[in-house]
Amino acid sequence: MQRNWKSDWIMYSPIILIEAMINGLLTGSIYALIALGLTLVYGVLHIINFAHGATLAVAMFAVWGLNIAAGIDPYLSILLLAPVFFALGYGVQRFIIGPAAGGDDGNILLITLGLSIFIENALLASFGSDTRAITSDLSFSVVELGPFLISTPRLIGFAGSLIVTVILWFVMTRTDAGKAIRAVAKEKLGASLMGINVAHVYALTFGIGCAALAVAAGLLMPSFYVNPRVGGAFVNIAFTIVVLGGMGSIPGAMIGGLLIGIVESLSGLLLGESLGQIGIFIIFILVLLLKPTGLFGAKA
Amino acid sequence: MLDVKNLRTGYGGVEVLRGIDITVGKGEIVAVLGANGVGKTTLNKALSGLLKLTGGSITFDGKPLDGSPIAAVEAGLIQVPEGRKIFPNMSILENLELGSYRRGRANRARNLELVFSTFPKLRQRIEQMAGTLSGGEQQMLAIGRGMMAEPKLLILDEPSLGLSPLLVEEMFDLVKRLNAEGLPIMLVEQNVVQSLEIASRAYIIENGLVTMSGTAAVISADPELKRAYLGL
Ligand SMILES: Nc1ncnc2c1ncn2[C@@H]1O[C@H](COP(=O)(O)OP(=O)(O)OP(=O)(O)O)[C@@H](O)[C@H]1O
Ligand SMILES: [Mg+2]
């Protein structure tokens, strides 16, 4: 969306404003996917996973690599990468982070910090700091929805996020594994006494978060680029979403993601692309000042 | 059913229990009594595999317990912990379902019926969030959740804590009823008089050791009881 009218916002026609909001909402749904793993891990393990952004970068490189090397369509690669990243997240938490933390959840935080530094440097060493992208006909195509022009990759991204949301909702509310995750989040001791394996639940949580990142990566790549540091920008946005939605709240991450997407798009339109992030930053400060628990957050 | 020999455990090098011997037989209610901070909850944690033993052994249903919470639940040693520890963010139904997460899953529907017939109040509000229940209702839910795992032995840690006198009475009636249906119960309580009324045998813990044990009748009659109970 390259529009260069820099005049007063009143000048914008409602169509352009609404179009910006729709496109922002669609992008926001992918932000929500990225925020999902962050808020889930926070809700269950009560730590911030510092390796989240680096994991997203790995997933995006994987999507790019599969496309370059094997010509696999980014959307199709999700079907492969989501299970692989689930297994990866599960395994890393269960067999590396968990044992290394030795039962102290505080250590997990430090280990994820170390992991993020390691991953970023491994990516830099293997791919350099160049930015890479997948170009396809789809990247710049638009769909006409009535008077609105909607970017096709964003529309597909929204549909993908919606599918993930429904699957996640089903898992969390209808399966024993999901119920066990929610139980451990609020009452670890009680869960242990029901024979719930807390280490397994922690690993499941990590796995789900990583799988969501893989989906996000597949949905992003057709319209975005990747470099070893790309995760940082996304995680800053995701963290704002987590705070806005309420730390640990899944519906909060979903709604928060959509809101932040709209805010980013509107402030990009009104203030110019370079200042677009300011809107997000202002939201972040406002939430902390006015409602530190976020939209859906429980009391601290 | 449960045979605890010379059990020792504690926290980070500080030994709280220094050689506990306790048995619970089939069909019994066994009361474990003692003053605040004497280590009753610590004993329960050790039995449920939440705390490693530093000595001694636990034999349950003829087999040694390997000291993990999963093994304890799988064997049918089910604990309703002090403070209930229900899942506040989940509905009554979900709490009960998770009671059969590890054990009793095949009979989940049947056992739900059993719990609801024991606690009709819970049936009326299966969708209510557990965290919004009153203290008494939460205790019922915690016991119901334990029943969902088809216990071979039920350990109750201070089930009467925080209940009004009327509810305390009801709670002890319930324990008696569950036991009458054949469930062995280890009742950990501070409520000495009422516990001894329903228990077949009792142990009194003091300073990390069992200082008195015997049938409830004998213990109730013992002039030492008052001293032991008020000893700390
Ligand atoms: N997690 C812990 N870390 C260190 N010490 C602990 C821990 N939990 C309990 N203790 C200590 O172990 C001792 C026994 O505590 P425990 O909770 O077993 O007592 P209790 O007999 O259950 O008391 P109450 O009747 O008040 O429930 C106490 O001195 C307590 O301070
Ligand atoms: Mg206690």
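Which of the 13 residues around ligand 1 come nearest? Asn36(B), Lys40(B), Thr41(B), Thr42(B) and Glu82(B) do, where a residue is near a molecule or strand if one of its heavy atoms lies within 4 Å of it. The views below come from a predicted model, in which local features need pLDDT of at least 70 and side-chain atom pairs count only at pLDDT 80 or more, while totals for chains, interfaces and linings use all residues. Residues are numbered from 1 along each chain as its sequence is written, chains are lettered from A and ligands numbered from 1 in the order in which they are written, and side-chain values use heavy atoms, with hydrogens and water left out.

View 1. The shell around ligand 1 divides into 4 nonpolar, 6 polar and 3 charged residues (Ala, Val, Leu, Ile, Met, Phe, Trp, Tyr, Cys and Pro count as nonpolar, Asp, Glu, Lys and Arg as charged, and the others, Gly among them, as polar). Helix 1 (residues 40-47) of chain B supplies the largest share of this shell, 3 residues; helices (H or I, at least four residues) and strands (E, at least two) are DSSP runs, numbered from the N terminus. An oxygen atom of ligand 1 lies 2.7 Å from an N or O atom in the side chain of Thr41(B), and for the side chain of Glu158(B) the corresponding distance from an oxygen atom of the ligand is 3.0 Å. A nitrogen atom of ligand 1 is 3.3 Å from a polar side-chain atom of Tyr11(B). Taken alone, ligand 1 exposes 630 Å², of which the protein buries 59%, with accessible areas coming from the Shrake-Rupley method with a 1.4 Å probe and, for residues, only the protein chains shown counting as cover.

**View 2. The magnesium ion (ligand 2) and its protein donors.** Thr41(B), through OG1, and Glu82(B), through OE, are the protein donors of the ion and lie 1.9 to 2.4 Å from it. The pair links distant parts of the chain, with Thr41(B) in helix 1 of chain B and Glu82(B), 41 residues apart from it, in the loop between strand 6 (77-80) and helix 3 (92-99) of chain B. Donors are N, O and S atoms within 2.8 Å of the metal (3.2 Å for Na, K and Ca), and because water is not among the atoms, sites may look incomplete. Glu82(B) has a relative accessible area of 28% and is therefore partly exposed, given that buried means under 20% relative accessible area, exposed over 50%, and partly exposed in between (1.4 Å probe, protein chains only). Leaving aside neighbours within four places in sequence, Thr41(B) is in contact with Glu82(B) and Asp157(B), contact meaning heavy atoms within 4.5 Å.

**View 3. Arg108(B) in helix 4 (residues 108-118) of chain B.** Arg108(B) counts as buried because its relative accessibility is 16%. Apart from neighbours within four places in sequence, Arg108(B) is in contact with Asp176(A) from chain A, and also with Glu97(B), Ser100(B), Tyr101(B) and Met148(B).

**View 4. Ile20(B) in strand 2 (residues 14-24) of chain B.** With a relative accessibility of 0%, Ile20(B) counts as buried. Not counting residues up to four places away in sequence, Ile20(B) touches several residues, among them Val4(B), Asn6(B), Leu43(B), Ile205(B) and Val210(B).

**View 5. Ala216(A) in helix 8 (residues 198-220) of chain A.** Ala216(A) is buried, its relative accessible area being 0%. Leaving aside neighbours within four places in sequence, Ala216(A) is in contact with Ile30(A), Leu33(A), Ile34(A) and Leu56(A).

**View 6. Ser141(A) in the loop between strand 1 (132-133) and strand 2 (142-145) of chain A.** Ser141(A) counts as partly exposed, at 23% relative accessibility. The side chain of Ser141(A) makes a polar contact of 2.7 Å with the side chain of Thr152(A); a polar contact is a pair of N or O atoms within 3.5 Å, and within protein one must be able to donate a hydrogen and the other to accept it, residues adjacent in sequence counting only if both atoms are side-chain atoms.
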